[in-house]
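This report goes through some features of a protein structure, one after another. The sequence and the structure are shown first.

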Amino acid sequence: MKDKIREILRQHGRLSKDVDTLPDDGDLYEAGMTSHASVNVMLALEGQFDIEFPDRMLKRSVFQSIASISAAIEELTSGGG
Amino acid sequence: MTAESAEKSFLDDLVRSRLLVETGVPGVYGRGAVFEDILARFDALVSATVANDGAEKLHFPPILARKSFEKSGYLKSFPHLAGSVFAFQGKDAEHQQLLQKLEAGEDWTAFLKATDVVLTPAGCYPVYPSMRGTLPEGGKLIDLWAYCFRHEPSDDPARMQMFRMRELIRLADLESVKAWRQTWIERGLALLEDIGLPAYVAPANDPFFGRGGRMLAAAQREQELKFEIVVPICSADRPTAIMSFNYHQDHFASTFGIQTADGSTAHTACLGFGMERIVLALLKTHGLRPAEWPSSVRDKLWPSA
């Protein structure tokens, strides 16, 4: 899953750093992701993983790092599916 | 009374008193002489307050170059509020077709094409493209007013489609811009309390479009980029913003290439007085007849009278 997240960040995150060198818990906003870029990342993740982030997840902390994105997607895809 | 019926009833009072004049389009009004006098007096009070701030006064027509508008990112955030100017650019044949559609009561607007201009969505938008380059030492302060357009038809008199914003825009380094905004929250509050408005400061977010907009709004609040001074007009639960303070980080400066004197990308912030809303808040708070307002308020607004 994290490889797919990295690919989406490469395409939509507009990071100033190479996403491959970024640790899973690296701060994406510090790596240059703007608020508008995070919206594009969110929409691309929804398409890729066939999920819809509920309103409570549409906030900065959920999209802060590869690890936090991955945790949110796991929560949405596990349990009841 | 629900908020909606309170708004409608306040609007009816304003129209009956000739403070506002209806045009047949919700949110678009003529203003009577008494309304305009209050607005001009508050404007003068702001001018007196900022007289020694060293601002450059500017004025733009209420339209913006479409290219600047496209570059600003407005359509990413607020496509639902934007107003773009279209005009007929056809020949005789298209003119005939347009008139036929018009006569038949059908949609004739398909014969219009986009022009090079859009309606100004916020007073500061024409400023940033005009400031490309290097700011003087200490940055800049701009003082302007503009008619602004937002496509949000409503019977709430405080939600007009076209309204005036008096704006101050600060362009400088990060620390100076943040300090300026902080000082002005106090200053704005004092100014509004002076004219007897029960105003208070609230964190705020812009009305961003769609689900992505929820994220943008949450980010704006988490980063404390926007504050408003609000006052109850038609509802205590949903007070109306009469001033807003917006910190743009380096968004506009990086988009339009504005640097501080030391060559780094500038930061910008603006504050806006919602001029019509301030007049409406005064009318709601003190009554529809300014001659009967408390003398403490009248002395501030009509100091020589």
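A charge is said to sit over a ring if NZ of Lys or CZ of Arg is within 6 Å of the ring centre and within 35 degrees of the ring normal. In this predicted model, Lys284(B) meets that description: it lies over the face of Phe10(B), 4.6 Å from the ring centre. In chain A, Arg60(A) lies over the face of Tyr29(A), at 3.9 Å from the ring centre.

**The two chains together**

Along with His36(A) and Leu58(A), Arg60(A) supplies 48% of the area that chain A buries against chain B, more than any other three residues. The contact involves 15 residues of chain A and eleven residues of chain B. The size of an interface is often given as the accessible area lost when the parts come together. For chain A and chain B this area is about 1200 Å², and carbon and sulfur atoms give 61% of it.

**Aromatic rings in chain B**

Over all chains, a search of the whole structure finds eleven aromatic pairs.

| Pair | Distance between ring centres | Angle between planes | Type |
|---|---|---|---|
| Tyr125(B) and Phe252(B) | 5.4 Å | 80° | edge-to-face |
| Tyr128(B) and Phe252(B) | 4.2 Å | 5° | stacked |

The type follows from the angle: planes under 30 degrees apart count as stacked, and planes over 60 degrees apart as edge-to-face.

Where do Tyr125(B) and Phe252(B) lie in chain B? Tyr125(B) is in the loop between β6 and α6 (127-130), while Phe252(B) is in helix α9 (residues 251-256), so their pair ties together parts that are 127 residues apart in sequence. Tyr128(B) is in helix α6 of chain B, so its pair with Phe252(B) in α9 ties together parts 124 residues apart in sequence.

Is Phe252(B) buried or exposed? Its relative accessible area is 6%, so Phe252(B) is buried. Tyr125(B) is buried as well, and Tyr128(B) counts as buried at 0% relative accessibility.

**Strands in chain B**

Strands of a sheet pair through backbone hydrogen bonds, either parallel or antiparallel. One open sheet of chain B has three strands in the order β4-β6-β5, with antiparallel pairing. Its edge strands are β4 (63-65) and β5 (84-88), each of which pairs on one side only. On average, neighbouring strands of this sheet are turned by 55° against each other, direction ignored. Four bridges join β5(B) to β6 (residues 112-119) of chain B. Across this pairing, Phe86(B) has Ala114(B) in β6(B) as its bridge partner.

Strand β11 (residues 226-231) of chain B also pairs in the antiparallel sense. Strand β10 (residues 200-203) of chain B is joined to β11(B) by four bridges, and Pro203(B) stands opposite Phe227(B). Six bridges link β11(B) with β12 (residues 240-247) of chain B, where Thr240(B) stands opposite Val231(B).

How many residues of strand β11 of chain B are buried? Six of the six are, so β11(B) is largely enclosed by the rest of the structure. Lys226(B), Glu228(B) and Val230(B) point one way from the strand, Phe227(B), Ile229(B) and Val231(B) point the other way, and all are buried.

Definitions and conventions. Residues are numbered from 1 along each chain as its sequence is written. Chains are lettered from A and ligands numbered from 1 in the order in which they are written. This is a predicted model: local features need pLDDT of at least 70, side-chain atom pairs count only at pLDDT 80 or more; totals for chains, interfaces and linings use all residues. Side-chain values use heavy atoms; hydrogens and water are left out. Two strands pair if DSSP finds at least two bridges between them. Helices (H or I, at least four residues) and strands (E, at least two) are DSSP runs, numbered from the N terminus. Axes are lines fitted to C-alpha atoms, for helices over the stretch in contact, and angles run from 0 to 180 degrees between N-to-C directions. Rings of Phe, Tyr and Trp (its six-membered ring) pair if their centres lie within 6.5 Å; planes under 30 degrees apart count as stacked, over 60 as edge-to-face and the rest as tilted. Buried means under 20% relative accessible area, exposed over 50%, partly exposed in between (1.4 Å probe, protein chains only). Contact means heavy atoms within 4.5 Å. Buried area is the accessible area (1.4 Å probe) that two parts lose on being put together, summed over both.
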